[in-house]
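Morning, everyone. Please look at the screen, and I will walk you through one structure.

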Amino acid sequence: MAVIEREESDGPPVAVRTCGVAAAELESLRWDESYALVTRLLAKTARVAADGRRLAVALGDVIGGLGTSGSRPVLVGLRRALHTGRLPAGREWGPEAGAALPYGLRGEVEEWVRRAHECAGLRARLPEVVARESLEKEERLRAAAADPAFRRGLALAGGELAVDLETWLADPARRPKQQKLLRLAKYLVRAAVKTSPYSTFTSTGRAVWGGGERHVERVVPVLELDGIQTFSDDRVRVNPSVTVAGGMAEFIGPPPGEALVSIGVTEAVAACLRVAEGGEWVPRGRFAEALGAEPAAVTKFLDKLLTVGLLEARPDDAPPPDLLAGIRRTERATDPSTFRQELGRLIATAHACRAACADMAKNVAPAGRAIRGDGDGGAGGDGGVGRAVVHEVAVCVEPVARLDLARWRDGLADLDVVRRWLAVFDAKHPMRLAVAAYLTTRYGPDPAVPFLTLHRHIQRELAGTGPAGRELRAFLGSSAAWTQPLAASTLPRIRELERLRAEARSLALDAEDPDGTCRVTPGQLAAQLESWPSWIAIPASSACYVQAVADALVLNVVHGGHGRALRRLDHLVERAGGHPEPPRLQDPDGAVYAEFSGDLGSTLNARPPSTRYEIDYPHSPGTRPPDLRLPLTDLHVTLCPDSGLPELRSKRLGRRVVPLHLGLAAEFRLPPAARFIERVFGPGYLLHPSSPPLVRMGRVPSEVTRYPRVEAGRVVVQRRRWLAPAAALPVRAKGEGDAAYLTRLIAWADEYGVPHRSFVRAWPEQTGQAGQDKARKPLFLDLANLFLVKNFERQIRGCAFALFEEALPDPGPERVTEYLIEVGGR
């Protein structure tokens, strides 16, 4: 993403994400005739059922006056048919029954029977229509998937599926199997409705504030390898987390585990520490001079120190020439077939590079870091540790949009109020409060604890079962929920936080309109947030992901700002040949901003520098000179005298340090110590779609429950939602055909008011509170699209409950667009 440049105004920084496939393609995949037939059938069936119940009552009066007449059993059977809505059988409707009815009632029943037969005819006709349209939609899917940009993205994301698609495109008779067709449709819909920044399914680019709205784009692909790190330089440095005390050296070990390591400081270890003091990179030859030993023995000793993590090898700044050439060739390939070929060669070269590095290093430290395998999937991955992952994104070097600030100004003002009010729901608050209580209990009312000491103690508490660590495990443990009920906490402040959240929910939810929308004014929100205590930390800067609909902004996500994700886009634009000039953050009063050094093991964190200082993180070296690095050994933890919240301070600078994670990797993907720093001391994460803050829910309700839309001025804070427990979900019965299931699914949606186009998430856990993993990824569901209906069936299989969210804005017919707007200070 790239920051919006300020041409004619002083609007906030903004970036634009645009889906690579036009949403109109989704319309062409709808079973329109089948859907129209189902909705017609259901409407007619509902009227027949209602009229049948009414006529059954009238017929009951007639039966009551017949006494023991011979026609009574016939009319009783007819009444049952009318009441249940089934067609009368045998004698239930014939001359005898008709003759026993009053004239007017006989005509109504006769008309009812005719309409019931019509419904039966529609129901009987539906399977043939569905089957015929299914064949047509398979061909339409093939045509839509032939788009070159989509095929390029699928080659990276879909693996074997991309090969099957190319085969199908070359020979229509070689149709993929049904499950692969469903996967193909799922990818195509993802490319049309989901603005993911991780693939060429979405393009990202700059925009400018100015008069008159317009959107244009020229996309440039940028490809990077994640999982490849070579070390051809012979220089090493001391791990910046090393602390020496009592004859022992303690430090954070190599990733991904980051074990807390302690080794004895022998004379040889002490000599190595002296040689490399100051954080500089030192040639290996200098250690031989200091140790006064044979070169082979020195090499073996240094390799041991590298393996354990006391020393770090210097990584290369760029991939090897053969990999770099392969990246450039793959980026330049425009034809999908050529792209797949070049991609295959690139992946093969990457695997060969990995094998060569491993063989050369013989399992010593450089080998352990020769190929870094910290990615979470992608092209060429084999599912194991150490895989090389190919990331490709589509960026626009030139500005892609001009936005009229006059049209946006009021919405932006409301957005600023909303994001500050959402601070009470910051998922990190309980983590901070739990750590604050631990600091006071363990170190006294005015603690000043070295960060590494606190980190070591807390890791032990998290791994243990003692009462002192109970609250820490609840909010920071490996199985801790991202959001959870707080009322049962033993800590008064956390219970107070729960009360404040309940008051905020009441303000937002207690004024529901008849149309199912709760409306609150930004002024009401501002007044409430002014009453909150100082320990409700309101971020100085927030990145707000929104979509525009009419004159409103629909809020998707709110996390820390300060250029997060925007700096990643600057890096990509530069890779694509652009020349961004990312601004440097101005330090706040009495404090300094410090971003994590390096990429923390993921190319998704590659970016230009944004802050003056960096946290010198182990095994992730940065580029700043030593005087602008803040090693973990320089950081200690205190409590803010005003708020009582934990804060980091630099001993050397004598100032508070605000740590910033400005990469694009998810917080829960960070290394352990970085994740702890980011969660406890970093800016807030105010809104995540998998953890809606304005849903009143302790346990999953026993029936389908609707939650209202919430609007604050011109901002939609929460879309309408429907929560359905597993027992209430419409699961296909054994042997039930597509036509019958589709009819029952649409009837279920109508019964509960669930829109026919929505986004669905399914949770395997009963509480539904466990964080941000991929099980919470939304699936777009259009009940007129059987591809999506069948993917929905797979999604809800075995789940505890599903959450349906209104599609606002509804995707189509143009390309779906999302804006990242950085609100607040920089």
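How much area do domain 1 and domain 3 bury between them? About 560 Å², with 81% of it on carbon and sulfur atoms. Buried area here is the accessible area (1.4 Å probe) that two parts lose on being put together, summed over both.

Some ground rules. This is a predicted model: local features need pLDDT of at least 70, side-chain atom pairs count only at pLDDT 80 or more, and totals for chains, interfaces and linings use all residues. Residues are numbered from 1 along each chain as its sequence is written, and side-chain values use heavy atoms, with hydrogens and water left out.

Now the domains. The assignment gives domain 1 (33-125), domain 2 (231-315) and domain 3 (721-807). Such bounds come from an automatic or database domain assignment. Over C-alpha atoms, the centres of domain 1 and domain 3 are 34 Å apart. Six residues of domain 1 and eight residues of domain 3 make the contact, meaning heavy atoms within 4.5 Å.

Who does the work on the domain 1 side? Tyr-35, Val-38 and Leu-42 supply 81% of the area that domain 1 buries against domain 3, more than any other three residues. Helix α2 (residues 32-64) gives the most to that side, with five residues. Helices (H or I, at least four residues) and strands (E, at least two) are DSSP runs, numbered from the N terminus.

Next, the backbone. Pro-255 and Pro-256 are joined by a cis peptide bond, with omega about 5°. Pro-256 lies in the loop between β8 (248-252) and β9 (260-264). Glu-258 also sits in the loop between β8 and β9. Its phi is near 50°, a positive value in a residue other than glycine. Is Glu-258 buried or exposed? Buried, at 8% relative accessibility. The cut-offs: buried is under 20% relative accessible area, exposed over 50%, partly exposed in between (1.4 Å probe, protein chains only).

His-562 is not a glycine, yet has a positive phi of about 60°. Find His-562 in the loop between β16 (552-560) and α21 (566-575). At 3% relative accessibility, His-562 counts as buried.

Last stop. A cis peptide bond joins Leu-808 and Pro-809, with omega about 0°. Pro-809 is in the loop between β29 (801-806) and β30 (817-824).
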